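Keep the picture open beside you as you read.

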Amino acid sequence: MPQSIGAIEASGKVHPRKGFGFRRHATTVSADSDTRSDPRTLRWRRTSVDITVSERTDGIVVVDVGGAVDVYTAAQLRSALDAQIHQGRTRLILDFDDVDFLDSTGLGVLVARLKVVRVQDGWIRLVCSSEKILRVLRITGLDKVFPIVAAVEDAAQNPSASGNTAAAG
């Protein structure tokens with residue numbers, strides 16, 4: 001009879017209380033991940049984020065973000081935004097068109113940095129046309145907090161507008 005994965009006592013029996021309710025599962029491994037040849041080990045999906053920062057001639061900073069913004073990569077986004085904010089650049093456009101995953105940690109970075117720039121009379125505007133990311137923003141209500149547009153030029157033309165063209169509908 002197969003035993004469930006759980007706490008196994010020295011005798012080899014499954015502990016009656018600790019042996020149930022704990023499951024191991026392997027996650028899908030992306031092509032760029034570290035994989036081990038032993039099938040008994042857990043495999044973890046390694047995520048990555050690409051961040052490119054540029055300043056426009058009008059002083060607006062465009063932060064182009066690509067990949068996954070999650071618990072593993074949110075610190076990189078936070079650092080990139082903090083570097084700009086500490087230099088006094090508080091008018092930020094975050095281009096999320098190449099973001100394929102956004103979790104609550106990434107959302108937390110966005111909200112926290114928005115609070116910081118607002119204190120300094122700045123703003124953050126999102127560029128996003130990915131329905132997957134827009135859905136996350138709608139579900140969390142952040143489409144009402146961040147102006148979201150479909151292109152960087154739209155975000156730069158009227159950064160104080162509260163309209164939300166990409167997320168409407």
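This report covers the salt bridges and a charged surface patch of a predicted model.

## Salt bridges

Side chains of opposite charge can pair when their charged atoms come close. This structure holds 6 salt bridges.

One of them joins the side chains of Arg138 and Glu131, at 2.1 Å from N to O. Arg138 has a relative accessible area of 27%, so Arg138 is partly exposed. Glu131 is partly exposed too, at 49%.

## Bridges across the chain

Glu153 is partly exposed at 44%, and Arg56 is partly exposed at 24%. Together with Asp58, these two residues form a network of salt bridges.

Now look for Arg113 and Asp82, which form a salt bridge of 2.6 Å, N to O. Because Arg113 lies in helix α2 and Asp82 in helix α1, the pair ties together parts that are 31 residues apart in sequence. Is Arg113 buried or exposed? Its relative accessible area is 12%, so Arg113 counts as buried.

## A negative patch

Which residues gather in a patch of negative charge on the surface? They are Asp50, Asp97, Asp98 and Asp100. Strand β3, residues 91-102, gives the most to this patch, with 3 residues.

Asp97 has its place in strand β3. With 31% relative accessibility, Asp97 is classed as partly exposed.

Conventions:
Residues are numbered from 1 along each chain as its sequence is written. This is a predicted model: local features need pLDDT of at least 70, side-chain atom pairs count only at pLDDT 80 or more; totals for chains, interfaces and linings use all residues. Side-chain values use heavy atoms; hydrogens and water are left out. Patches are made of residues with over 30% relative accessible area and no salt bridge: like charges are joined within 9 Å, nonpolar side chains (Val, Leu, Ile, Met, Phe, Trp, Tyr) within 5 Å. Accessible areas come from the Shrake-Rupley method with a 1.4 Å probe; for residues, only the protein chains shown count as cover. A salt bridge is a side-chain nitrogen of Lys or Arg within 4 Å of a carboxyl oxygen of Asp or Glu. Lys and Arg count as positive and Asp and Glu as negative; His and the chain ends are not counted. The place of a charge is taken as NZ of Lys, CZ of Arg, CG of Asp or CD of Glu. Helices (H or I, at least four residues) and strands (E, at least two) are DSSP runs, numbered from the N terminus. Buried means under 20% relative accessible area, exposed over 50%, partly exposed in between (1.4 Å probe, protein chains only).
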